[in-house]
Amino acid sequence: LAGVVGGEWTALVGSLLFALLTANWWLFGGDRAALAFSPAEVHFLFPAPVSRRALVHFKLLRAQSVILFNTLLWVGLLGRGRTELNSGLRAVAIWTLFSTLHLHRLGAALTRASALEHGRAGARRGVLPFAAFALLLVVLAWALMEQAPALRLAWREGLFAFLGAAGDALRAPVPWAVLAPFRALLAPGLAATAAEWARAMGPALALMLAHYLWVVRTGAAFEEAAL
């Protein structure tokens, strides 16, 4: 049982779920709530001499209250388990994961808003990320569909056999490569020791920083999109 549903299997399945979540933000309308301001904030902030970048930073800081609450909630739910990783290091890992996902959600919404605002020019600029996510989703689905016969056979043998076959399907070269960024985000929270956590935090923080730079530099009409 531990070999089937342990940390590695959790990382494989978790990376697939996060990949589907981000693909939904890109391909099926994004999440306009990521840009929403309250009426009071619109009234006081938008007429003020506040730059678009300052509004983005305000949005990011405001989201931290929710992210920190969820981080503490998940640290409490997960506990230490059977690992040596203390709660503080696990909290940093979960905060990094949630912050990066929020940045990606906001970046996707801003990119879609930019495409809508600038017409054909915006559509041309936004076509690359849309096409990239569509292509990755198709490639991932095709690779997993090739494993469908093995998965059906394993399902007849029982739940644990199916879980093992699902793990093998996600370890195939194509799914493994497509899901690599998502596994990198999950790795610190699944680390068993402080040394593993330290090695995994570097790539996770690099991904979060790259998302932050992407969001603050996105050339969208943020005010109109938020309204």
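Helices, in the sense used on this tour, are DSSP runs of H or I with at least four residues, and strands are runs of E with at least two, both numbered from the N terminus. Select Gly164 to begin, which lies in helix H8 (residues 159-170).

The model in your viewer is predicted, so local features need pLDDT of at least 70 and side-chain atom pairs count only at pLDDT 80 or more, whereas totals for chains, interfaces and linings use all residues. Residues are numbered from 1 along each chain as its sequence is written, and side-chain values use heavy atoms, with hydrogens and water left out.

**The whole chain**

Colour the protein by secondary structure, and you will find 12 helices and 0 strands; read from the N terminus, the elements run α-α-α-α-α-α-α-α-α-α-α-α. Of its 227 residues, 39% count as buried, where buried means under 20% relative accessible area, exposed means over 50%, and partly exposed is in between, all with a 1.4 Å probe and protein chains only.

With a relative accessibility of 22%, Gly164 counts as partly exposed.

Between the C-alpha atoms of Gly76 and Ala91 the separation is 9.5 Å, and the two residues are 15 apart along the chain.

**Helix H11 and the tryptophan pair**

Which residues form the aromatic pair that is stacked? A search of the whole structure finds 1 aromatic pair, and the partners to select are Trp26 and Trp214, stacked at 5.9 Å centre to centre with 15° between the planes. Trp26 belongs to helix H2 (residues 7-27) and Trp214 to helix H11 (residues 194-216), so the pair ties together parts that are 188 residues apart in sequence. For such a pair, the ring centres of Phe, Tyr or Trp (its six-membered ring) lie within 6.5 Å, and planes under 30 degrees apart count as stacked, over 60 as edge-to-face and the rest as tilted. Trp26 is buried at a relative accessible area of 2%, whereas Trp214, at 28%, is partly exposed.

Stay on helix H11 and select Ala204, which is placed there and counts as buried at 1% relative accessibility. Thr100 is 104 residues from Ala204 in sequence and 8.7 Å from it in space, C-alpha to C-alpha. Leu213 is also in helix H11, and at 33% relative accessibility Leu213 counts as partly exposed.

**A charge over a ring**

Now show the side chains of Arg183 and Trp176, where the charged end of Arg183 sits over the ring of Trp176, 3.6 Å from its centre. This label requires NZ of Lys or CZ of Arg to be within 6 Å of the ring centre and within 35 degrees of the ring normal.

**The largest nonpolar core**

A nonpolar core is a set of buried Ala, Val, Leu, Ile, Met, Phe, Trp, Tyr and Cys residues joined through side-chain atoms within 4.5 Å. The largest one has 20 residues, and Phe18, Leu97 and Leu179 are those with the most contacts inside it. The elements that give this core two or more residues are H2, H5, H6 and H10, with the largest share, 7 residues, coming from H2.

**The second largest pocket**

To finish, select Thr22, His104, Phe133, Leu136 and Phe182, which lie nearest the centre of the second largest pocket among its 18 lining residues. A pocket here is an open set of points on a 1 Å grid over the protein atoms alone, where a 1.4 Å probe fits, with protein on both sides within 12 Å along at least five of seven lines, and lining residues have an atom within 4 Å of a point. Helix H6 (119-145) is among the helices that each supply at least two lining residues, and H6 gives the most, with 6 residues.
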